[in-house]
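Please open the structure in a viewer and keep the selection panel at hand.

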Amino acid sequence: MRALRLRYAAVRSSGSPGLDEMEAEFRRAAEAAGFSAEPGPVDLAAVLVLTGGTERKILEVSQGAKLVLLFYHDSYNSLAATSEAASLLQASGISVQLYDFGSARQVLAQAARAAEAVEELKGLKITSFGGPSEWLVYSTGEGDLLGASVEVVPLEDLAKEAEGAEPEQMPGQPSRLEGVSGEQVERALRLASAMRRLSEGPLTVRCFDLLRIYGVTPCLALAALNSKGLIAGCEGDVPSLLTMYILSKLSGRPAWMGNVTPGPAGTLAIAHCTFPLSEASSFELTTHFETDRPVGVRAYVREGLRATLAKYDPRTRTLRAIRAEVALGRPFTRACRTQVAFRVSERALELTLSRPMGAHYAVVFDDVVPGLRAFASLEGLRLEEA
C-alpha cells in the first residue's frame, strides 16, 4: 500500500518585509506534521500564500493533489491571490480548503493525521463480538467500510476467555460504588482483558446477549479499554466504531459513542454507560441503565470543554462533523448513566432530526473539524458540517 504524499510550500512574488518569520514558522509546523518540501507527485498539498501575484505558483505546487490546503494572512493581497487560485482548482475538481495562517499548526497536524487514518483503514481488522445488536436495523455495517474488514467472534468464546483472564487494570478510581460489588467490578474487568486478547485492533460487542451469557455488562470493560487507546464500541455498531477510530486518530484522545438524546433547550445530548474513564473529571460505578445489572459508568464531565460530534454513514458515504461545547456534564434525565449535553448550532439540531444517521453519535473532547474535512476530501466522502 502506497503512503499518501504530503508536500508543503510557501509562495511569494516579492521580498516583502516581515514575511520571513511567517514562512519559517509555517515550515516548522509543516515539517513537524510530516509534510515534505521535496518536489514530485503529491496527494495533499499545503501552501502558504504570502503575497499577491502568486496564483500560478499556487497552481504549480498543487498539481495532481487530491486536497489542497491554502493558508492566507491579512496583508499583501494574500487572500485575493488565494481566492483566485482556489477558484480554478475547485473548477478543476480538486478539493480546496482555505484557512487563516493563525490556524496552520492545528490544521496541518490534523490533516497529516487524517492522511494516516486513510492509509491505516485499508486493511484494518475490526473484531465484532457477536455481531450487531438485533435492534440496529440501519447501523449493521453494510456499505463502504473504507477498506476495513469485520471478523465476528462468538460471544461464547469471549465469555470463556474472560473466565480465566486476569482483570484489566482500571484507569483511575471511582468516587463510589452504587449497587455493584467489588467482585462484579473485577468480573467486568476480566472482560476487558479477554477482549484485548481476542482482538487485533478496534472492537465492538453485542452487549445485551453477552450480559445473559456472562452475567455482567461490558460497559466498564469498554470504558477502560478506550481510556488506554484501544478503540472499543457498543452494540456491534461498526459505523460508530469507525467514527470513533477516526476521531481518536485525529485527536490522539479516547472517543466515546452514545445514544442521541434530547437535551436542555439549545443543546444536543449524548448518553451511554461506557464513558472513557480518563476523560471524566470524576466517575462512579453503578448499574446499567436498561437492565439495572452490573456494571455501568456514571461519569461527570467539566462544562465548557470543546468537543466534536461525528458520524460516518457507510451506506451513503457521508461524514457528519459537528462542533460542540459541553453545556451540562452530569445526569439530567432518565437515560444511560453518563449524560452530556452539548451546545451545538441550529443546523446541527436540524440535521440530527431531519437526516438521522442511526441511534448513535461518536464524540471526542477536542475540535477536530479541520481533520474531518481533510479526511472526507482524501476519501472522497460527502461532508455535512454544522
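Two strands pair if DSSP finds at least two bridges between them. Strands themselves are DSSP runs of E with at least two residues, and helices are runs of H or I with at least four residues, both numbered from the N terminus. The model is predicted, so local features need pLDDT of at least 70 and side-chain atom pairs count only at pLDDT 80 or more, while totals for chains, interfaces and linings use all residues. Residues are numbered from 1 along each chain as its sequence is written, and side-chain values use heavy atoms, with hydrogens and water left out.

Select residues 306-313, strand β13, and then residues 318-328, strand β14. The two strands run antiparallel and are joined by 8 bridges. Within this pair, K311 stands opposite R320 in β14. The hairpin has 4 residues between its strands, and R317 takes a positive phi near 55 degrees.

**Second stop: the other partners of β14.** Select residues 382-385, strand β17, which pairs with β14 in the parallel sense over 4 bridges. Here L319 stands opposite L383 in β17. Next select residues 338-343, strand β15, which runs antiparallel to β14 and is joined to β14 by 3 bridges. L328 stands opposite A341 in β15. How many residues of β14 are buried? The strand is mostly covered, with 9 of its 11 residues buried (under 20% relative accessible area; exposed is over 50% and partly exposed in between, with a 1.4 Å probe and protein chains only).

**Third stop: the cavity.** A cavity is a set of points, on a 1 Å grid over the protein atoms alone, where a 1.4 Å probe fits but cannot get out; lining residues have an atom within 4 Å of a point. The structure holds 1 cavity of 30 Å³ or more. The largest cavity has a volume of about 50 Å³, a volume being the space filled by probe spheres set on the points, which are joined across faces, edges and corners. Select its lining: Y138, S139, E142, P239, K311, Y312, D313, P314, R315 and M357. Strand β13 supplies the largest share, 3 residues.

Select residues 20-33, helix α1, where E23 has its place. E23 counts as partly exposed because its relative accessibility is 26%. E23 and M357 lie 42 Å apart in space, C-alpha to C-alpha, and 334 residues apart in sequence.

Note on methods. On a 1 Å grid over the protein atoms alone, a cavity is a set of points where a 1.4 Å probe fits but cannot get out, and a pocket is an open set with protein on both sides within 12 Å along at least five of seven lines; lining residues have an atom within 4 Å of a point.
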